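Please keep the sequence and the structure in view while reading.

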Amino acid sequence: MCGIIGYIGVRDAKKALINGLQTLEYRGYDSAGISYFTEGNIHTVKTVGKVSCLRDKVAETAGDDVATCGIGHTRWATHGGVSDVNSHPHTAGKVTLIHNGIIENYKELQEELAAKGQTPVSQTDTEIAAMVINDCYDGDPETAIRNATRKLRGAYGFCIMFSDIPETIYAIRNGSPLVAAHTNEGSIIASDMVALVSYSKQYFVLKEGHIAKMTKDEILVRDENGEIYGPTIHHISWDVAAAKKGGYDYFMMKEIHEQPEALRNTVKPRMVDGLPDFSADEVSDDIFKDINRIVITACGTAMHAGLLGKNMIERLCRVPVTVDIASEFRYQNPIIDEHTLLITVSQSGETADTLAALRLGKEHGCKTLSVVNVKGSSIARESDYVLYTHAGPEIAVASTKAYSVQVAVMYLIAFRFDYYTGKISEEDAKHYMSELMFTIDRVEDVLEYDNQVENIAKRLTGANDIFFLGRGLDYALSCEGSLKLKEISYIHSEAYAAGELKHGTISLITDNVPVIALGTQPDVYEKIISNVQEVRSRGARVILITGQGASVDAALCDHQIVLPEVGPLFSPFLSAVVLQYLAYYVAVIKGLNVDQPRNLAKSVTVE
């Protein structure tokens, strides 16, 4: 959740930390702070508000300080309210610490410390962690960290400085991500690669339980046994410009427009002689052998991509597919075994609930395949097989291009599985791939719908409730459209399978309630039109999204959006852009911060 960064080197540490936090602010923006060595002492500046507030406070109170080593944090509040005292970094004795994660047994530890006469000044679990490390410290930092973390339960990514060990940063993680790089300008560590890319395109992921000791000359990593460990180096395939707005008002709009490129980067490398092919990913067809059930587990938007995957795999492969919310999956004693293919989906590859679901699946002997965007992430490392979605960095909290490429990978899995089982011919498999590439070109066309959608959005900003209706693939997509709208516009929104209207939901339809109906599937088009008539007769304002050639009575809807002509199976790629635009413009017209919606953070690394 939170953004953390540590830097030591030849640059101005204060500036390096604040600039890094600016790139990480999508992970949390309740408060921000930095601590740094200056003249042999640790100095801390922190404040409620965004990183820009911290920048001003540092300029005002610490502008003349010289520093080349420090740590910084931008907070998404969990334990303790949003206040200066609860902001990170936290100091206890000789220990100054920043933290991404949650310490689950902090109350128990707090009571143990209280028995020793030690009392925290904040209400955070993080200060308790700092106090525990300080309580274990007798001059050997790595032993103190190791002994302290044995007492901690929960998720954490720590960057730690000791006041009597200047110009050195220590780091350790359990669950929460940390990536690091060393260059001739020094050493840097952060919770996300976007903070590293201006320094180096070569990085490594700190393994769980390993301790990194960072100086300006090197990063030394030791494993749980104290042995020096040489981490695997990964390469960032995008440049620093990809993590900037590039002239757009918001990252979300930039990322909507990046979808065609992201889709091509994801699909084309997996198209060999016109066929779906995972050879380059080292994913052999053995993954499908003896599989009689597929379980897709994910959270939020990634779970919605899984709903489309379920529809496509069952439709084409005739194998039963279950989609489970990852946070529920691990607690429901799932019926899975060696004949189950467990597919986990996560943009960051660090989503805590999804990682826990993956581990549970492996305990039950499932084959595991993960769809992630970050190389070297925890989910990627622990899966049997990985398919990377080459979306590049996604900064806006509301996912757009990451969702589209996740859906594309779901389609590729369906096509390859279908071809492997012999249910479709080589010619049919090539046709599906050709249709997918054609659809990506049509996504470019839908990007031109922005003005049309903006005009519709102007009529929705005053709504208290908005409902989405769809059937089949359209219902799966409507779930994502509803989530996008509610998370950035703060308008209550729900998605319903249209056939369920008469089973209770229609009681919510009153005069002028907006209903967004998706009608892109010919086989159920007449059914969805009947449902539209039902809500229309009860006073709803209807926005209807259809494919080419759909017959629509002008009196049936207030607005009709007609998509470019593609095969019905591929319409979700086009409808998704329309629904993303709709959410975006409603939020912008309401004057909201599209990229940083209230109470949310980009990467959920705690349960």
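Predicted model: local features only at pLDDT ≥ 70, side-chain atom pairs only at ≥ 80, totals over all residues.

Two residues are said here to be in contact, or to pack against one another, when heavy atoms of theirs lie within 4.5 Å.

**A covered helix**

Helix α5, which spans residues 141-149, is mostly covered, since seven of its nine residues are buried. The buried residues of α5 are P141, E142, A144, I145, R146, A148 and T149, and they pack against α4 (125-136) as well as the strands β7 (154-162), β8 (169-174), β12 (211-214) and β13 (219-222).

**Two helices against α17**

Helix α17 (residues 571-589) packs with α12, and helix α15 (residues 473-489) also packs with α17. The geometry of the two pairs is set out below.

| Helix pair | Angle | Distance between axes |
|---|---|---|
| α12 and α17 | about 165° | 11 Å |
| α15 and α17 | about 20° | 9 Å |

How are α12 and α17 oriented to each other, roughly parallel or roughly antiparallel? Angles over 145 degrees count as roughly antiparallel, and with an angle of about 165° the helices α12 and α17 are therefore roughly antiparallel to each other. Their crossing is right-handed. On the α12 side the contact is made by Y403, S404, V407, A408 and Y411, and on the α17 side by P572, F573, A576 and Q580; by class, these residues divide into seven nonpolar, two polar and no charged.

For the other pair, angles under 35 degrees count as roughly parallel, so the angle of about 20° makes α15 roughly parallel to α17. The crossing of α15 with α17 is right-handed. In this contact α15 contributes L473, D474, L477, G481, K484, L485, I488 and S489, while α17 contributes S571, P572, S575, A576, L579, A583, Y584, V586 and A587. The contact of α15 with α17 comprises 11 nonpolar, four polar and two charged residues.

**Polar side chains**

R416 is located in helix α12, which covers residues 401-420. Is R416 buried or exposed? With a relative accessibility of 13%, R416 counts as buried, because buried means under 20% relative accessible area. Leaving aside residues up to four places away in sequence, R416 touches P276, D277, F278, D285 and F288, and the side chains of R416 and D285 make a polar contact at 2.8 Å.

Q347 is found in the loop between β19 (340-346) and α10 (352-363), where its side chain makes a polar contact with the side chain of N373 at 3.1 Å.

**Backbone features in loops**

Most residues other than glycine have a negative phi, and most peptide bonds are trans. H88 and P89 are joined by a cis peptide bond, with omega about 0°, and P89 lies in the loop between β4 (69-75) and β5 (90-92).

E167, although not a glycine, has a positive phi of about 55°; this residue lies in the loop between β7 and β8 and is partly exposed, at a relative accessible area of 32%. D273, likewise not a glycine, has a positive phi of about 55°, and its place is in the loop between β15 (271-272) and β16 (275-276). With 66% relative accessibility, D273 counts as exposed.

Note on methods:
Residues numbered from 1 in each chain as written. Heavy atoms only, no water. Helix = DSSP H or I, 4+ residues; strand = E, 2+ residues; numbered from the N terminus. Buried < 20%, exposed > 50% of the residue type's maximum accessible area, 1.4 Å probe, protein only. Polar contact = N/O pair within 3.5 Å; in protein donor to acceptor, adjacent residues only side chain to side chain. Axes fitted to C-alpha atoms, helices over the stretch in contact; angles between N-to-C directions. Parallel < 35°, antiparallel > 145°, perpendicular 65-115°, else oblique. Left-handed = near helix turned anticlockwise from the far one by under 90°. Nonpolar A, V, L, I, M, F, W, Y, C, P; charged D, E, K, R; others polar.
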